[in-house]
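Hi,

Here is the structure I said I would pass on. Have a look at it first, and then read my notes below.

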Amino acid sequence: MNPLPEIADPFSRNEEERALLVTADGSHTLFSAELNEHYHSMNGAMQESLHVYIHAGFNLCKKEAIRVLELGFGTGLNAFLTALEAEKRKIKVSYIALEKYPLSPQIIEKLNYSHLNKNLFSAIHAAEWEKDCFINPFFSLQKIKIDFRDYDYLCRPDVVYYDAFAPDKQPEVWSQEIFDALYRTLSAGGILTTYSAKGTVRRMMLQSGFRVERLPGPPGKREMLRATSARSNFLN
């Protein structure tokens with residue numbers, strides 16, 4: 001992909017610009033003062049992640065070994081919930097997470113998700129960046145510090161979580177080029193889910209070749225998008 005202008009770093013200037021907030025379901029989110037944007041829905045961070053990424057995406061894949069690619073690791077909530085689900089279903093998950101601006105340990109330790117499984121949450125965040133780390137018998141994790149636009153998209157995932165900041169906040173990472181790359185890399189019948197329901201995002205998905213559905217959104221949001229690869233098995 002061609003290099004593009006730098007995306008604004010939401011937190012590079014002042015750690016205090018990150019506010020820790022409690023959402024409606026009791027789970028934490030963060031607020032970026034620079035982008036004027038929350039990491040998750042204030043109507044429920046955990047509810048949103050479960051609804052958009054686990055129930056509408058991951059759980060539709062019935063393979064015994066699933067490859068997941070996440071665009072926007074953030075607080076690690078999606079990875080954590082996926083690891084919990086992998087353990088529950090007794091399936092193997094290989095998880096790759098792209099994140100240009102990892103959170104500091106000081107912020108991570110304040111998040112209240114770990115009550116579901118403190119050791120697992122800690123292991124996910126303790127995992128070394130840029131390495132494929134074995135978290136437990138069901139979950140391996142590779143966290144990559146990279147701009148979405150610079151990734152090679154050769155990993156052949158079965159499920160993609162598109163969890164970047166909103167298109168009107170960081171339009172650079174909601175591009176036709178990235179959706180084209182995701183369509184090429186997804187396995188046959190692969191699934192991409194995102195909280196965004198913007199028409200521009202849907203049109204880019206369609207142009208890439210995806211089948212696109214508008215689904216009921218999580219609490220406080222009317223709709224979300226799910227895209228499915230229409231590629232044939234012989235292409236993989």
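Predicted model: local features only at pLDDT ≥ 70, side-chain atom pairs only at ≥ 80, totals over all residues.

**What I found**

I'll start with a pair of helices: α2 (residues 77–89) packs against α4 (residues 118–126) at an angle of about 125°, and their axes are 10 Å apart. That angle makes α2 oblique to α4, and the crossing is right-handed. On the α2 side, the contact is made by Ala-79, Phe-80, Ala-83, Leu-84 and Glu-87, while α4 brings Leu-120, Phe-121 and Ile-124. Sorted by class, that gives 7 nonpolar residues, 1 charged residue and no polar ones. If you wonder about the spacing along a helix, an α-helix has 3.6 residues a turn, so residues three or four places apart point the same way.

Next, the loop between α1 (45–55) and β4 (65–71), which holds Asn-59 and also Lys-62. What does Asn-59 touch, if you leave aside its neighbours within four places in sequence? Its contacts are Ile-54, Glu-85 and Arg-89. Arg-89 comes up again with Lys-62: the two are 27 residues apart along the chain, and their C-alpha atoms are separated by 10.0 Å.

Then there is a sheet. It is open, has 3 strands in the order β1-β2-β3, and pairs antiparallel. β1 (18–22) and β3 (37–38) are at the edges with a single partner strand each, so one side of each has no neighbour in the sheet. Between β1 and β2 (residues 28–32), which run antiparallel, there are 5 bridges.

Last, helix α5 (residues 176–185). How many of its 10 residues are buried? The count is 7, so the helix is mostly covered. The buried ones are Gln-176, Ile-178, Phe-179, Ala-181, Leu-182, Tyr-183 and Thr-185. Where do they pack? Their partners are β4, β8 (159–162), β9 (191–194) and α6 (199–208).

Cheers

Technical notes: Residues numbered from 1 in each chain as written. Heavy atoms only, no water. Pairing = 2+ DSSP bridges. Helix = DSSP H or I, 4+ residues; strand = E, 2+ residues; numbered from the N terminus. Contact = heavy atoms within 4.5 Å. Buried < 20%, exposed > 50% of the residue type's maximum accessible area, 1.4 Å probe, protein only. Axes fitted to C-alpha atoms, helices over the stretch in contact; angles between N-to-C directions. Parallel < 35°, antiparallel > 145°, perpendicular 65-115°, else oblique. Left-handed = near helix turned anticlockwise from the far one by under 90°. Nonpolar A, V, L, I, M, F, W, Y, C, P; charged D, E, K, R; others polar.
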